[in-house]
Amino acid sequence: MIRRARRPAVRGVVPDSSPMHPVLDVLRARREHGSRPGARQDPHRVALVLEGGSMRGVVSAGMTAALERMGLTQAIDLVVGSSAGALNGAALIAGVARAGVGMYHGVLASRDFVNPARLLIGRPALDVRFVLSHATTDLDPERHDRTLASPIELYCVALDLERAEPATFTGMRSREELWDVLLATTRMPWIGGPPVRIGERRYVDGALACPIPVQTAFDAGATHVLVLQTRPYGVPRSTGNPVAERLIARHLHRLNPALATMWRTRAASYEALVADIHRWTTEPDAAPPYVLGIRPPAGTPVVSQLERRPDVLARAAADAERLVQDALDCVGTSDLHAVG
């Protein structure tokens, strides 16, 4: 259940005459004044929360590309993500969000990354280490070092197997530590390979417990939270192929019986969370933390977790980039070029 512990006991709703959502107001002010992380002139703490969804993460990747083009990266104090959302967050902090989008409908759409047939020979269908090691002119190997050195904090959420609860990682100091955390938060049960060991504990995909880690942002002291969601309005989270569902549930039960229960109830938990985000977005309270969620409109095609068609992925990324550009237009977009 989402807790908002720092909220005062007296709660209210921003009057209808309020010129804009509090999150947009802070982003605009910071952009106008050239505010930079680590040298703020205001008392706010702005978090960006990113939903993933494996290949559906192309949606939040396109959204972060819009933030990067709009010059809004420096208005953010911390980035929070699980699964592909964490990968997209690391790319934004490193300044390669737009290049990261190209990976989704480029090399990640190949069998080098997604290949369900590998499950037949006991190998993972998804190879995230391939993503981390991939490099091009635009997606340079030094991007991981820039993520580590940035004053923008990165929070990654994974699922602790033994405790059956989310675990938050931040303050990574080396490329090895960063890679271990990114592998842990993206390690989908069964199809992604064995759990990732960090220290004495084992971890799997954080999206199982925190698909949209808003609570993590609250716990980190965020006063303003921008949430980028990948599932369109009107599209509930559903279970997958019945055979795969049973196999994954059986696999999780062997790891920890509590995880199998979490797996079976994940759709209901997700729907409760997105309902909260919608309510906080449309009826902001009179005191922080404020939450603004942006998600694709009803009727937008849903990108599947194992989507490999480059045209589908490219179109989803472009639509998502345009969506955020339009939603944040009031923040200031005079220097933008049209989205392709």
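## Briefing: helix packing, rings and backbone features

Helix α2 and helix α4 (residues 97-104) pack at an angle of about 155°, with their axes 8 Å apart. That makes α2 roughly antiparallel to α4, a label for angles over 145 degrees, while under 35 counts as roughly parallel, 65 to 115 as roughly perpendicular and the rest as oblique. This is a predicted model, in which local features need pLDDT of at least 70 and side-chain atom pairs count only at pLDDT 80 or more, whereas totals for chains, interfaces and linings use all residues. Residues are numbered from 1 along each chain as its sequence is written, and side-chain values use heavy atoms, with hydrogens and water left out.

**Helix packing**

- Axes are lines fitted to C-alpha atoms, for helices over the stretch in contact, and angles run from 0 to 180 degrees between N-to-C directions.
- Helices (H or I, at least four residues) and strands (E, at least two) are DSSP runs, numbered from the N terminus.
- α2 passes α4 in a left-handed crossing.
- In a left-handed crossing the near helix is turned anticlockwise from the far one by less than a right angle; clockwise makes the crossing right-handed.
- Helix α2 (residues 57-69) also packs with helix α3 (residues 84-94), at an angle of about 20° and with axes 9 Å apart.
- α2 and α3 are therefore roughly parallel to each other.
- Here α2 passes α3 in a right-handed crossing.

**Buried positions in helices**

- Ser60 is found in helix α2.
- Ser60 counts as buried, at 0% relative accessibility.
- Buried means under 20% relative accessible area, exposed over 50%, and partly exposed in between (1.4 Å probe, protein chains only).
- Ser60 and Val227 are 167 residues apart along the chain, and 9.6 Å separates their C-alpha atoms.
- In helix α10 (residues 257-264), the residues Leu259, Ala260, Met262 and Trp263 are buried.
- They cover an arc of only 160° around the axis, which puts them on the same side of α10.
- That arc is taken from the directions from the helix axis to the C-beta atoms.

**Aromatic rings**

- The structure holds 2 aromatic pairs.
- One of them joins Phe169 and Tyr203: their ring centres are 5.1 Å apart and their planes at 80°, so the pair is edge-to-face.
- This pair links distant parts of the chain, with Phe169 in strand β4 (residues 165-169) and Tyr203 in strand β6 (residues 201-205), 34 residues apart.
- Rings of Phe, Tyr and Trp (its six-membered ring) pair if their centres lie within 6.5 Å; planes under 30 degrees apart count as stacked, over 60 as edge-to-face and the rest as tilted.
- Phe169 is buried, at a relative accessible area of 15%, and Tyr203 is buried at 6%.

**Charges over rings**

- The charged end of Arg231 sits over the ring of Tyr270, 5.2 Å from its centre.
- Arg295 has its charged end over the ring of Tyr233, 4.5 Å from the ring centre.
- A charge sits over a ring if NZ of Lys or CZ of Arg is within 6 Å of the ring centre and within 35 degrees of the ring normal.

**Backbone and loops**

- Ser54 has a phi near 60°, a positive value in a residue other than glycine.
- Ser54 lies in the loop between β1 (46-50) and α2, and is buried at 10% relative accessibility.
- Ser83 also has a positive phi, near 60°.
- Ser83 sits in the loop between β2 (78-82) and α3, and is buried with a relative accessible area of 4%.
- A cis peptide bond joins Pro288 and Pro289, with omega about 5°.
- Pro289 is in the loop between α11 (266-282) and β8 (290-294).
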